[in-house]
Amino acid sequence: MPPFFSSASLTGLRSRFERENPGKAQSLTSEKVHILYNNLWQPVYAGMLGAVLLVSIMWAAVDTAVLISWLAAIFAISLLRLRLASLFLQADASAQEHPKWTAWFALTVLVAGCVWGSAGVLMFVPERPEYVAALAIILSGVAAGSVTMISAIWWIVVLFLLPIGLPLQWMFFTSEVPTHTMMGIVMMVFLSLLVLTSRRLGRIIHDNIALRVSMAAREAIIYRQAYYDALTDLPNRRMFIERLAALCGDDQRASGLVVFMDLDRFKLINDTLGHAAGDDLLIQVARRLNANLHASDMAARLSGDEFVLLAVTDAQTPDALEAWAEAYMQSLQKALSPPYRLESRTVEVTPSMGYTCFQASGCEYGELLREADLAMYQAKLEGRAQWRRYQPWMLDEAQQLAQAPLVNSARLAGR
């Protein structure tokens with residue numbers, strides 16, 4: 001963690017995250033659970049190795065049947081925990097968010113702690129201080145190792161520490177050997193420090209995850225502001241152009257069409273029914289566009305009531321592309337033409353659309369947008385609820401119209 005984050009600032013970040021992201025507490029918990037399962041292998045294998053070491057040390061002092069039974073229990077719960085971790089990591093992200101994974105992890109940790117703690121009773125040999133010391137050292141080491149591995153959810157650490165430490169402490173305090181009482185006190189202090197440490201580590205892990213999730217959420221907001229229209233939630237001009245430019249730069253033999261459209265009588269509706277009704281209309285149009293899109297298509301809002309659409313097909317021949325484009329435009333017109341419900345009234349709104357077909361291998365995105373725009377302009381000239389495909393003569397006509405005012409101005413200047 002960067003040194004400039006003090007505990008006070010992290011506490012502030014934690015409070016701010018919980019205040020600004022009340023619905024993300026479950027996702028944060030899910031990340032913690034993922035950390036627990038993902039890091040489970042090392043402590044489990046280390047615990048199995050420690051169990052073998054403890055049994056080998058106690059072999060000469062404790063009944064063999066007791067040692068073998070206890071070791072079998074350790075291996076059984078360890079293998080169960082590993083199997084549980086394997087199932088968790090194989091599950092998809094939505095399944096991993098189920099609370100059952102936290103419950104299962106906590107339960108298996110508690111059982112593992114109880115099995116380890118039973119060693120404090122089964123292997124306690126008060127007349128052999130060297131064996132008692134070895135038992136205390138190994139159990140303390142297992143308890144300490146759990147702190148760094150499972151502190152993502154700190155209360156789970158408590159489920160592991162208390163069952164390990166309390167039985168041995170009980171044996172120390174009830175033993176008649178004077179030094180055992182002191183060892184019990186030392187172990188009690190040690191376990192208390194471990195609990196406090198696990199609590200602190202748990203907060204640090206929580207704060208770091210919260211900070212990362214909060215920053216990721218803010219980057220997502222920035223991305224949506226940069227690439228999506230705030231009203232309709234459609235991609236905006238920038239995202240559409242980047243998508244079209246990437247497609248035109250692709251070497252694959254993709255083909256498709258670009259559609260430029262605006263809504264007939266939109267200004268009249270905006271002026272008579274108000275801007276709220278106009279916004280509602282744009283949102284409804286966006287929904288209909290999205291419902292008509294295929295997986296590889298994209299619809300975007302450029303500005304006002306202007307929308308643009310990109311559709312891709314695998315048609316290769318000109319005739320096949322033309323037939324597909326005509327069917328696509330009919331489907332689009334059918335989806336957009338039914339009446340719209342605005343402020344308790346039904347309003348007839350139709351689109352005027354222009355489109356141009358392209359082959360991805362040789363297209364230029366600026367030219368495609370210009371061609372579709374010219375075709376839409378021609379559809380407007382011919383009346384409402386029309387669509388037209390771009391033809392080269394449309395560009396010549398537009399250039400002539402653009403030059404006409406210049407010619408008239410020159411004539412007037414010469415008089």
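Modeller: Both Cys248 and Cys363 are buried. This is a predicted model, and in it a disulfide joins Cys248 to Cys363, with a distance of 2.0 Å from S to S. The count of disulfides comes to 1. The torsion about the S-S bond of Cys248 and Cys363 is about -125 degrees, so this disulfide is left-handed. The pair connects distant parts of the chain: Cys248 belongs to helix α10 (residues 237-248), Cys363 lies in the loop between β6 and α14, and 115 residues separate them.

Two further cysteines deserve mention. Cys357 takes part in no disulfide, and the nearest cysteine sulfur, that of Cys363, is 12 Å away. Cys357 has a relative accessible area of 14%, which is under the 20% cut-off, and therefore counts as buried. Cys114, by contrast, has a relative accessible area of 42% and is therefore partly exposed, since this value falls between 20% and 50%.

Strand β6 spans residues 351-359 and is mostly covered, with 8 of its 9 residues buried. On one side of the pairing account stands strand β1 (residues 255-263), which pairs with β6 in the antiparallel sense over 9 bridges. Within this pairing, Phe260 stands opposite Gly354 in β6. Strand β6 also pairs with strand β7 (residues 387-389); these two run parallel and are joined by 3 bridges. Here Met353 is placed opposite Trp387 in β7. Between β6 and β7 the chain passes through helix α14 (residues 365-381), and this β-α-β crossover is left-handed.

Helix α12 itself covers residues 275-292, 18 residues in number, and reaches 26 Å from its first C-alpha to its last, close to the 26 Å expected at 1.5 Å a residue. Its buried residues are Ala277, Gly278, Leu281, Leu282, Gln284, Val285, Ala286, Arg288, Leu289 and Asn292. As background to such a list, an α-helix has 3.6 residues a turn, so residues three or four places apart point the same way.

Technical notes: Residues numbered from 1 in each chain as written. Predicted model: local features only at pLDDT ≥ 70, side-chain atom pairs only at ≥ 80, totals over all residues. Heavy atoms only, no water. Buried < 20%, exposed > 50% of the residue type's maximum accessible area, 1.4 Å probe, protein only. Helix = DSSP H or I, 4+ residues; strand = E, 2+ residues; numbered from the N terminus. Pairing = 2+ DSSP bridges. Right-handed = clockwise from strand over helix to strand, strands pointing away. Expected span 1.5 Å × (residues − 1). Disulfide = S-S within 2.5 Å.
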